[in-house]
Amino acid sequence: MDHIQTAKLALRDQLLTARGRLALAEIGERARATAAHLLALPEIGHAATIAAYVSVGKEPGTGPLLDALHAAGKRVILPIVLPDLDLDWAVYAGDDSLATARRGLLEPITPRLGKDAIATADVVIVPGLAATLAGDRLGQGGGCYDRALGRVPVGTPVIVVLNDEEVLAELPVNTHDRKVGAIATASGVRRCR
(Lines give C-alpha, C1' and ligand atoms only; values in the text may rest on other atoms or scores of the structure.)
Protein backbone atom coordinates (compact mmCIF):
# COMPACT_ATOMS: atom_id res chain seq x y z
CA MET A 1 0.00 0.00 0.00
CA ASP A 2 1.46 3.34 -1.02
CA HIS A 3 1.53 6.47 1.14
CA ILE A 4 -1.54 8.02 -0.58
CA GLN A 5 -3.66 4.93 0.07
CA THR A 6 -2.43 4.82 3.68
CA ALA A 7 -3.32 8.49 4.16
CA LYS A 8 -6.77 7.96 2.62
CA LEU A 9 -7.42 4.98 4.88
CA ALA A 10 -6.50 6.94 8.03
CA LEU A 11 -8.58 9.94 6.97
CA ARG A 12 -11.62 7.76 6.14
CA ASP A 13 -11.39 6.25 9.62
CA GLN A 14 -11.34 9.72 11.25
CA LEU A 15 -14.24 11.00 9.14
CA LEU A 16 -16.42 7.94 9.72
CA THR A 17 -15.75 8.13 13.47
CA ALA A 18 -16.84 11.79 13.50
CA ARG A 19 -19.99 10.96 11.53
CA GLY A 20 -20.75 8.19 13.99
CA ARG A 21 -21.00 10.78 16.78
CA LEU A 22 -23.78 12.76 15.04
CA ALA A 23 -27.29 12.48 16.46
CA LEU A 24 -30.03 11.40 14.06
CA ALA A 25 -31.96 14.62 14.76
CA GLU A 26 -28.92 16.65 13.70
CA ILE A 27 -28.55 14.59 10.51
CA GLY A 28 -32.21 15.25 9.73
CA GLU A 29 -31.89 19.01 10.28
CA ARG A 30 -28.78 19.15 8.12
CA ALA A 31 -30.48 17.09 5.39
CA ARG A 32 -33.41 19.52 5.19
CA ALA A 33 -31.08 22.54 5.04
CA THR A 34 -28.85 20.93 2.40
CA ALA A 35 -31.91 20.01 0.30
CA ALA A 36 -33.16 23.60 0.43
CA HIS A 37 -29.79 24.89 -0.83
CA LEU A 38 -29.65 22.33 -3.65
CA LEU A 39 -33.26 22.96 -4.71
CA ALA A 40 -32.47 26.68 -5.03
CA LEU A 41 -29.73 26.03 -7.60
CA PRO A 42 -30.61 27.02 -11.18
CA GLU A 43 -28.98 23.80 -12.44
CA ILE A 44 -31.44 21.74 -10.39
CA GLY A 45 -34.37 23.91 -11.44
CA HIS A 46 -33.59 23.46 -15.13
CA ALA A 47 -32.65 19.77 -14.90
CA ALA A 48 -34.95 17.12 -16.35
CA THR A 49 -32.87 14.19 -15.05
CA ILE A 50 -30.82 14.17 -11.86
CA ALA A 51 -28.52 11.35 -10.78
CA ALA A 52 -28.53 11.14 -6.99
CA TYR A 53 -28.22 8.49 -4.26
CA VAL A 54 -30.01 7.28 -1.14
CA SER A 55 -28.10 8.14 2.01
CA VAL A 56 -27.82 5.43 4.65
CA GLY A 57 -26.71 5.34 8.27
CA LYS A 58 -24.87 8.47 9.36
CA GLU A 59 -24.26 9.82 5.83
CA PRO A 60 -25.48 13.37 5.20
CA GLY A 61 -29.16 12.83 4.49
CA THR A 62 -30.65 12.89 0.99
CA GLY A 63 -34.22 11.85 1.85
CA PRO A 64 -35.72 15.38 1.83
CA LEU A 65 -33.95 16.14 -1.46
CA LEU A 66 -35.17 12.96 -3.16
CA ASP A 67 -38.74 13.56 -1.98
CA ALA A 68 -38.71 17.17 -3.22
CA LEU A 69 -37.22 16.26 -6.61
CA HIS A 70 -39.74 13.45 -7.07
CA ALA A 71 -42.64 15.73 -6.04
CA ALA A 72 -41.41 18.35 -8.55
CA GLY A 73 -41.69 15.80 -11.36
CA LYS A 74 -37.94 15.46 -11.91
CA ARG A 75 -36.62 12.16 -13.27
CA VAL A 76 -34.26 10.96 -10.54
CA ILE A 77 -31.96 8.03 -11.21
CA LEU A 78 -30.29 6.16 -8.37
CA PRO A 79 -27.33 3.78 -8.34
CA ILE A 80 -27.34 0.02 -8.03
CA VAL A 81 -23.95 -1.35 -6.95
CA LEU A 82 -22.86 -4.21 -9.20
CA PRO A 83 -20.68 -7.13 -8.02
CA ASP A 84 -17.60 -5.51 -9.63
CA LEU A 85 -18.38 -2.24 -7.74
CA ASP A 86 -19.43 -0.42 -10.91
CA LEU A 87 -22.82 1.32 -10.88
CA ASP A 88 -26.01 0.56 -12.80
CA TRP A 89 -28.92 3.02 -12.55
CA ALA A 90 -32.70 2.90 -12.11
CA VAL A 91 -35.47 5.49 -11.76
CA TYR A 92 -36.60 6.55 -8.30
CA ALA A 93 -40.38 6.23 -8.02
CA GLY A 94 -40.78 7.14 -4.33
CA ASP A 95 -39.88 5.32 -1.13
CA ASP A 96 -41.88 2.26 -2.20
CA SER A 97 -39.49 1.77 -5.12
CA LEU A 98 -36.53 1.14 -2.77
CA ALA A 99 -35.37 -2.13 -1.25
CA THR A 100 -32.51 -3.11 1.05
CA ALA A 101 -29.48 -4.31 -0.89
CA ARG A 102 -25.95 -5.51 -0.20
CA ARG A 103 -23.73 -3.39 2.06
CA GLY A 104 -26.81 -2.03 3.86
CA LEU A 105 -27.72 0.19 0.92
CA LEU A 106 -31.17 1.11 -0.33
CA GLU A 107 -31.50 0.64 -4.08
CA PRO A 108 -34.32 1.09 -6.58
CA ILE A 109 -36.27 -1.99 -7.69
CA THR A 110 -37.47 -0.34 -10.90
CA PRO A 111 -36.07 -1.57 -14.26
CA ARG A 112 -32.33 -1.12 -14.70
CA LEU A 113 -31.12 1.48 -17.19
CA GLY A 114 -27.50 0.39 -17.63
CA LYS A 115 -24.15 1.83 -16.58
CA ASP A 116 -24.28 4.62 -19.15
CA ALA A 117 -27.55 6.06 -17.80
CA ILE A 118 -25.53 8.47 -15.63
CA ALA A 119 -24.51 10.20 -18.87
CA THR A 120 -28.17 11.24 -19.38
CA ALA A 121 -28.25 13.25 -16.14
CA ASP A 122 -28.29 17.04 -16.29
CA VAL A 123 -26.87 17.17 -12.73
CA VAL A 124 -25.03 14.46 -10.77
CA ILE A 125 -25.20 14.44 -6.96
CA VAL A 126 -22.65 12.13 -5.34
CA PRO A 127 -21.76 10.95 -1.85
CA GLY A 128 -18.36 11.46 -0.29
CA LEU A 129 -16.51 11.58 2.99
CA ALA A 130 -14.68 14.85 2.32
CA ALA A 131 -13.83 17.32 -0.42
CA THR A 132 -11.76 20.43 -1.04
CA LEU A 133 -12.64 23.67 -2.76
CA ALA A 134 -10.21 22.59 -5.47
CA GLY A 135 -12.75 19.86 -6.31
CA ASP A 136 -10.88 16.89 -4.86
CA ARG A 137 -13.27 14.30 -3.37
CA LEU A 138 -12.64 11.43 -0.97
CA GLY A 139 -15.09 8.55 -1.33
CA GLN A 140 -15.59 5.33 0.59
CA GLY A 141 -12.72 3.62 -1.23
CA GLY A 142 -14.48 1.24 -3.61
CA GLY A 143 -13.99 3.40 -6.69
CA CYS A 144 -17.68 3.10 -7.70
CA TYR A 145 -18.14 6.79 -8.33
CA ASP A 146 -14.73 7.38 -9.90
CA ARG A 147 -15.75 4.81 -12.55
CA ALA A 148 -19.27 6.19 -12.95
CA LEU A 149 -18.10 9.80 -13.17
CA GLY A 150 -15.88 8.79 -16.06
CA ARG A 151 -19.12 8.39 -18.08
CA VAL A 152 -20.45 11.87 -17.22
CA PRO A 153 -20.11 14.35 -20.10
CA VAL A 154 -17.70 17.24 -19.52
CA GLY A 155 -19.62 20.27 -18.29
CA THR A 156 -22.29 18.33 -16.41
CA PRO A 157 -22.49 19.72 -12.85
CA VAL A 158 -21.22 17.21 -10.27
CA ILE A 159 -22.05 18.07 -6.65
CA VAL A 160 -20.89 16.21 -3.54
CA VAL A 161 -23.07 16.25 -0.39
CA LEU A 162 -21.11 16.59 2.85
CA ASN A 163 -21.20 17.90 6.39
CA ASP A 164 -19.61 21.34 6.78
CA GLU A 165 -16.73 19.96 8.81
CA GLU A 166 -15.85 17.59 5.93
CA VAL A 167 -14.81 20.45 3.62
CA LEU A 168 -11.04 20.29 4.04
CA ALA A 169 -8.06 22.35 2.88
CA GLU A 170 -6.44 19.36 1.17
CA LEU A 171 -6.87 15.65 0.54
CA PRO A 172 -4.59 12.82 -0.54
CA VAL A 173 -5.46 12.16 -4.21
CA ASN A 174 -4.58 9.71 -6.97
CA THR A 175 -4.58 10.47 -10.68
CA HIS A 176 -7.76 8.37 -11.19
CA ASP A 177 -9.76 10.34 -8.59
CA ARG A 178 -12.54 12.34 -10.27
CA LYS A 179 -13.16 15.95 -9.30
CA VAL A 180 -16.45 17.60 -8.32
CA GLY A 181 -17.66 21.04 -9.31
CA ALA A 182 -19.47 21.98 -6.10
CA ILE A 183 -19.94 20.98 -2.46
CA ALA A 184 -23.39 21.05 -0.83
CA THR A 185 -23.69 21.25 2.96
CA ALA A 186 -26.24 22.49 5.47
CA SER A 187 -24.70 25.96 5.29
CA GLY A 188 -24.88 26.29 1.50
CA VAL A 189 -23.40 25.29 -1.84
CA ARG A 190 -19.78 26.20 -2.53
CA ARG A 191 -18.43 26.17 -6.09
CA CYS A 192 -15.05 24.51 -6.56
CA ARG A 193 -12.32 26.32 -8.47
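Biologist: What share of the contacts in the protein chain with a separation of 6 or more comes from residues 24 or more positions apart?

Modeller: Contact means heavy atoms within 4.5 Å. Here, 69% of the contacts with a separation of 6 or more join residues 24 or more positions apart. This is a predicted model, where local features need pLDDT of at least 70 and side-chain atom pairs count only at pLDDT 80 or more, while totals for chains, interfaces and linings use all residues. Residues are numbered from 1 along each chain as its sequence is written, and side-chain values use heavy atoms, with hydrogens and water left out.

Biologist: And how many of the 193 residues, as a percentage, count as buried?

Modeller: Buried means under 20% relative accessible area (1.4 Å probe, protein chains only). In this chain 48% of the 193 residues qualify.

Biologist: Which helices and strands are there, by number?

Modeller: Helices are DSSP runs of H or I with at least four residues, strands runs of E with at least two, numbered from the N terminus. The chain has five helices and twelve strands.

Biologist: At what angle do α2 and α4 cross?

Modeller: Axes are lines fitted to C-alpha atoms, for helices over the stretch in contact, and angles run from 0 to 180 degrees between N-to-C directions. Helix α2 (residues 24–39) and helix α4 (residues 63–71) cross at roughly 40 degrees, their axes coming within 7 Å. Ala31, Arg32, Ala35, Leu38 and Leu39 of α2 meet Pro64, Leu65, Ala68 and Leu69 of α4.

Biologist: What are the overall spans of the C-alpha trace?

Modeller: Along its principal axes, about 45 × 35 × 35 Å.

Terms used: Buried means under 20% relative accessible area, exposed over 50%, partly exposed in between (1.4 Å probe, protein chains only).
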